[in-house]
Structures are given as C-alpha cells and as structure tokens.
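Here are a few notes to go with the model on your screen. Have it open while you read and find each spot as we go.

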Amino acid sequence: MKIYQFTQEAGKTIEAFGSRELHMSKILSEASSPHIGCMYLGENGRVGRHQAGVPQLFLVVSGGGWVRGDEGPEVAIRAGYAAYWEQGEWHETWTDNGLTAIVIESESLNIAMLPIQESL
C-alpha cells in the first residue's frame, strides 16, 4: 500500500484568468487524458472565466458557490452536485465561503449521473 497527499498545501496556487484564492492539487495526469485534480477555492475565491480545453466535470465535495457556462445565468452549486462544461465552452466558478471540488478533464467523458436540469 502507498499513501498519497492531495491537500491544498500539496498543490499549487493558480492566478490565471484573474483567478483568486485558487489552489489545485494534481491527482492524475496522463500524457493525453484524463487529468484529475482537487481544487480548493478559499473565501471569496474565483476560477476566472476561460474556455474548457477538453470536456470538464466539476464535482463539488464540500462547500458551495456559483458556476456559469457560456452565456447562461449563474447557478448555485454545493456539495453533492456537479457541473459539466463541453470542450470550448466559456465558464467560471466563484464562492463566498469556500469550496472543494474534484475536477476531471478528459477528451471523452461518459457521465453516468442523471442531470437535474438541462444546459443553461
């Protein structure tokens, strides 16, 4: 058995796209696909608006905040819920009190969860 660490402290700070209070700890990084990481957004944190390079699944495991896709309205999101963005889709995430999410980026995602609402 091996034990691994993916805490906020094990990750790196990201400030791209105007992001703030954002720390990413890599979990799995293959040469092509998939990439999996644990994202920590601190108080008043933001993942700045940017395009998804590949399809992206954002699974909130603690806390909550808001997500927005291309041109749709902001949608509240919290632990136990996920947002999905298509390749090339502009998106952003922000929080008042902090959130932690597992982020999966892959050229092919076959999502087994049932959507609670259609694309916004």
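1. Start with the surface: F6, I27 and L28 make up a nonpolar patch there, with about 250 Å² of accessible area together. Patches are built from residues with over 30% relative accessible area and no salt bridge, joining like charges within 9 Å and nonpolar side chains (Val, Leu, Ile, Met, Phe, Trp, Tyr) within 5 Å. A salt bridge here is a side-chain nitrogen of Lys or Arg within 4 Å of a carboxyl oxygen of Asp or Glu. Areas come from the Shrake-Rupley method with a 1.4 Å probe, and for residues only the protein chains shown count as cover.

2. A word on the source: this is a predicted model, where local features need pLDDT of at least 70 and side-chain atom pairs count only at pLDDT 80 or more, while totals for chains, interfaces and linings use all residues. Numbering runs from 1 along each chain as its sequence is written, and side-chain values use heavy atoms, leaving out hydrogens and water.

3. L28 sits in strand β2, residues 20–29 (strands are DSSP E runs of at least two residues, numbered from the N terminus). Its relative accessible area is 32%, so L28 is partly exposed (buried is under 20%, exposed over 50%, partly exposed in between).

4. E21 is also in strand β2, and its phi is near 55°, a positive value in a residue other than glycine. Most residues other than glycine have a negative phi.

5. Is H50 buried or exposed? H50, in strand β3, is buried because its relative accessibility is 13%. Its side chain reaches the backbone oxygen of G48 at 2.7 Å.

Methods
Helices (H or I, at least four residues) and strands (E, at least two) are DSSP runs, numbered from the N terminus. Buried means under 20% relative accessible area, exposed over 50%, partly exposed in between (1.4 Å probe, protein chains only). A polar contact is a pair of N or O atoms within 3.5 Å; within protein, one must be able to donate a hydrogen and the other to accept it, and residues adjacent in sequence count only if both atoms are side-chain atoms.
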